[in-house]
Amino acid sequence: MSEMPAPVLDAGEFQRRLLDWFDRDGRHDLPWQRERTPYRVWVSEIMLQQTQVTTVIPYFERFMAHFPTLAELAAASQDEVLHLWTGLGYYARGRNLHKAARRVMEEHGGELPVNSLEALAGLPGIGRSTAGAIIAQSTGRRAVILDGNVKRSLSRLHAVEGWPGRPVVERRLWALAEHYTPEHRVADYTQAIMDLGATLCRRGTPECGRCPFADACVAHARGEQRRFPESKPRKALPTRTTLMLMLQDAGGRVLLEQRPASGLWGGLWSLPQFDDLAALRCWLDVHAPGALLHPAWPAFSHVFSHFRLDITPQPARIDGLDSVGEARCWYDPGSPGRIGLAAPVKALLASLAPFALTAPEPS
DNA sequence: AACTCGTGGCG
DNA sequence: TCGCCAAGAGT
């Protein structure tokens, strides 16, 4: 392939060095390495997308305790799934996992189609790399992965220029990953190449002194490890502003609304949000005409990857609300229900006690 | 092809 | 404190 840079090592030599290193210094005790069933590997791979191992572990344990089998996951409600996903982020992963479980029950007899890369990658939330990881880890059959760790390691080893998000660069990295992937010990190999990137060939401070490929690494020879992979060209973060209405009833319960099925915090429950104070007051006139507004709390900011969210809580209190429909509920912070909450909303609710205590009674 | 989607760790 | 970004995929 003209797409592929000239390999700096013979594939067999690369595999021997990597697996020897993995046997000594790799990770062998991760929770999803215990019983390598397709279902457990699948759930772990979804949670690990753009998320670090130490973050995932407690979520994975809780998830598997609640849904030990794919059938039980498929039988659960989306609210239950998102509840267990609360705080993990990228909630489309949870929604897609749930959707895919139901599809597997309907179309694949309840078993993940691990014999077909195409069928696997056709399921929601499973792309090319995740499909490869599931096959390699759970069946041991040859499959290629290309995650952030592999991209970083291979781009340094070959000094691949350009941001890996560019299709041209990504194709080169896929070709290299394909070249080095062995026929045997594929489960260990895929774990090993990820461990190398996670523990040695790290982004900030790579430990080239312990790396089995230091003598062959082009970036290392040039003393330019930090320059690879090239970083994404970034734009300034835009700022969005939202008002969150904190409406309590006499019992201290808080009104929540379910957000649209897609987009930011899709399917999660949140305080009702408004673009401005006028919209909020209009809503109150319709749904809660007797509501008593308190002085606004200090605004706070929440920084996401692509924008900064300025949140201004607007506390209010009311004795009753005329309509509490399907996408609206009273939520008791004292005995929280099993629904999905975005992290900032959860934190807001956790800090609610002072407001409940100091709220003046309607006169 | 470029943009969107969360949260937490790190230098 | 702050910008960068991590076991990517969907649109």
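The residues of the surface near DNA strand B, where near means having a heavy atom within 4 Å of the strand, divide into 12 nonpolar, 8 polar and 4 charged, with Ala, Val, Leu, Ile, Met, Phe, Trp, Tyr, Cys and Pro counted as nonpolar, Asp, Glu, Lys and Arg as charged, and the others, Gly among them, as polar. By the class of its residues, the surface near DNA strand C has 8 nonpolar, 13 polar and 7 charged. This is a predicted model, in which local features need pLDDT of at least 70 and side-chain atom pairs count only at pLDDT 80 or more, while totals for chains, interfaces and linings use all residues. Residues are numbered from 1 along each chain as its sequence is written, chains are lettered from A and ligands numbered from 1 in the order in which they are written, and side-chain values use heavy atoms, with hydrogens and water left out.

**DNA strand B**

- DNA strand B is surrounded by 24 residues, of which Tyr90, Tyr91, Lys235, Trp265 and Ala343 are the closest.
- Sugar or phosphate contributes 54% of the atoms of DNA strand B within 4 Å of the protein, and bases contribute the rest.
- Polar contacts (pairs of N or O atoms within 3.5 Å; within protein, one must be able to donate a hydrogen and the other to accept it, and residues adjacent in sequence count only if both atoms are side-chain atoms) include one between a polar side-chain atom of Tyr90 and a base oxygen of DNA strand B, at 2.7 Å.
- Polar backbone atoms also face phosphate oxygens of DNA strand B, that of Tyr91 at 2.5 Å and that of Ala343 at 2.7 Å.
- Strand E6 (300-303) and helix H14 (343-350) each supply at least two residues of this surface, helices (H or I, at least four residues) and strands (E, at least two) being DSSP runs numbered from the N terminus.

**DNA strand C**

- An N or O atom in the side chain of Arg27 lies 3.2 Å from a base nitrogen of DNA strand C, whereas an N or O atom in the side chain of Asp147 lies 2.6 Å from a sugar or linking oxygen.
- A polar backbone atom of Gly125 is 2.5 Å from a phosphate oxygen of DNA strand C.
- At least two residues of the surface near DNA strand C come from each of helix H8 (128-139), helix H9 (148-157) and helix H11 (186-200).

- Helix H9 is mostly covered, with 9 of its 10 residues buried, where buried means under 20% relative accessible area, exposed over 50% and partly exposed in between (1.4 Å probe, protein chains only).
- The buried residues of H9, among them Asn149, Lys151, Arg152 and Arg156, pack against helix H1 (11-25), helix H10 (167-180), H11 and helix H12 (218-222).
- Just after H9, Ala159 takes a positive phi of about 50°.
- Thr86, found in the loop between helix H5 (78-85) and helix H6 (92-107), counts as buried because its relative accessibility is 10%.
- Apart from neighbours within four places in sequence, Thr86 is in contact (heavy atoms within 4.5 Å) with Tyr59, Tyr91, Ile339, Gly340, Leu341 and Lys346.

- Not counting residues up to four places away in sequence, Phe63 touches Tyr39, Val43, Met47, Leu73, Val81, Leu84, Trp85 and Leu97.

**Domains and chain A**

- Chain A is divided into domain 1 and domain 2, with bounds that come from an automatic or database domain assignment, and the centres of these domains, taken over C-alpha atoms, are 37 Å apart.
- Between the domains, 11 residues of domain 1 are in contact with 17 residues of domain 2.
- The secondary structure of chain A comprises 15 helices and 8 strands, and 48% of its 363 residues are buried.
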